Amino acid sequence: LPGFSLSFGISTLYISLVILLPISALILYVSGMTWQEYWFAITDVRVLQSYKVTLLGAFYSTLVVTVVGFLWAWIITRYDFPGRRLLDSLMDLPFALPTSVAGLTLSTLFIPSGWLGQFFDAVGIKISYAFPGIVVAMIFTSIPFIVRSVQPVLEDMEKELEEAAMMLGANKWQIFWRVILPTLVPALIGGSSQAFIRSLGEFGAVIMIAGNIPFETEVTSLMLFVRLQEFNSPAAAAIASVVLFASLTLLFLLQVVQGRLFNKSTGA
């Protein structure tokens, strides 16, 4: 874009108003608490359990979306079949659909009498209003991060590398493990990390399907809402600061890891 000064100024103003200013306000609000008040707010037994539930749900959902998202990206990139464009466009649905609507739809589908829930209920598995429902909601909202991270790398991958490996006698599995997968590792790590971070802060979809049972299906974002309903804004801000610190730390580590992987791949 022409005009570096103007472009840089607009970008900095946008970042300051939309990102830095709210973060600063949160930090200033929390700084008004004493250390004992802050520690009590973030280490309450119910809050600690919400951390555990959130981390476990994000971990399991990230494992699933990494595998399924990679297969999805592979199919829509490597194969041409009827409905491929529709399948590709559906991947952006979690971005466009309000998360509360997604959660309500998922909870309706997975209740014991629902279209999908009846099959799980037949084998004694409860999805809606249980911990598996949290994982399902997180999978739905985070899977686009994997697909949209891996897909462009697959599209830009040079076919000559695979052809050269084939001419040297490598079979399809050897080509995948030694030629294709190493190229995809940075994209997989980036997409998985973003999916994990997205799941940590998920609210709308989760609360509609989790049932919000104390010590069982309460996520950290719900605890913020609970504390606000209790008119305990300082405690809500304290919990929010923990989530903010965790997200920023993970994003920073992601940038470091991706930078090292990029330098390693380019030989820099």
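How many helices and how many strands does the secondary structure of the protein chain come to? I counted 13 helices and zero strands. Helices (H or I, at least four residues) and strands (E, at least two) are DSSP runs, numbered from the N terminus.

I am working from a predicted model, where local features need pLDDT of at least 70, side-chain atom pairs count only at pLDDT 80 or more, and totals for chains, interfaces and linings use all residues. Residues are numbered from 1 along each chain as its sequence is written, and side-chain values use heavy atoms, with hydrogens and water left out.

**Overall.** I looked up the extent of the C-alpha trace: about 70 × 60 × 30 Å along the principal axes of the protein chain.

**H8.** This helix covers residues 131–156, 26 residues in total. From first C-alpha to last I read 39 Å, close to the expected 38 Å (1.5 Å times one less than the number of residues). I then checked for a bend (the angle between axes fitted to the seven residues ending at a residue and the seven starting there). H8 bends by about 40 degrees at Thr-141, and Pro-144 follows within four residues.

**H10.** Residues 172–200 form this helix, which bends by about 50 degrees at Leu-181. Here Pro-182 follows within four residues.

**H8 against H10.** I took axes as lines fitted to C-alpha atoms, for helices over the stretch in contact, with angles from 0 to 180 degrees between N-to-C directions. These two pack at about 155 degrees, axes 8 Å apart. H8 and H10 are therefore roughly antiparallel (under 35 degrees is roughly parallel, over 145 roughly antiparallel, 65 to 115 roughly perpendicular, the rest oblique). Contact means heavy atoms within 4.5 Å. On the H8 side I listed residues including Thr-141, Phe-145 and Ser-149. Their partners in H10 include Leu-184, Leu-188 and Ala-195.

**H3 against H10.** H3 spans residues 45–78 and packs on H10 at about 135 degrees, with the axes 9 Å apart. H3 and H10 are therefore oblique to each other. The contact uses H3 residues including Phe-59, Phe-70 and Trp-74. Among the H10 residues in it are Phe-176, Leu-184, Leu-188 and Ala-195.

**H3 against H12.** Which way does H3 run relative to H12? I first noted that the axes of H3 and H12 (residues 220–229) come within 8 Å and cross at roughly 150 degrees. That makes H3 roughly antiparallel to H12. Arg-46, Tyr-51 and Thr-54 are among the H3 residues that meet H12, where Met-223 and Arg-227 are among the partners.
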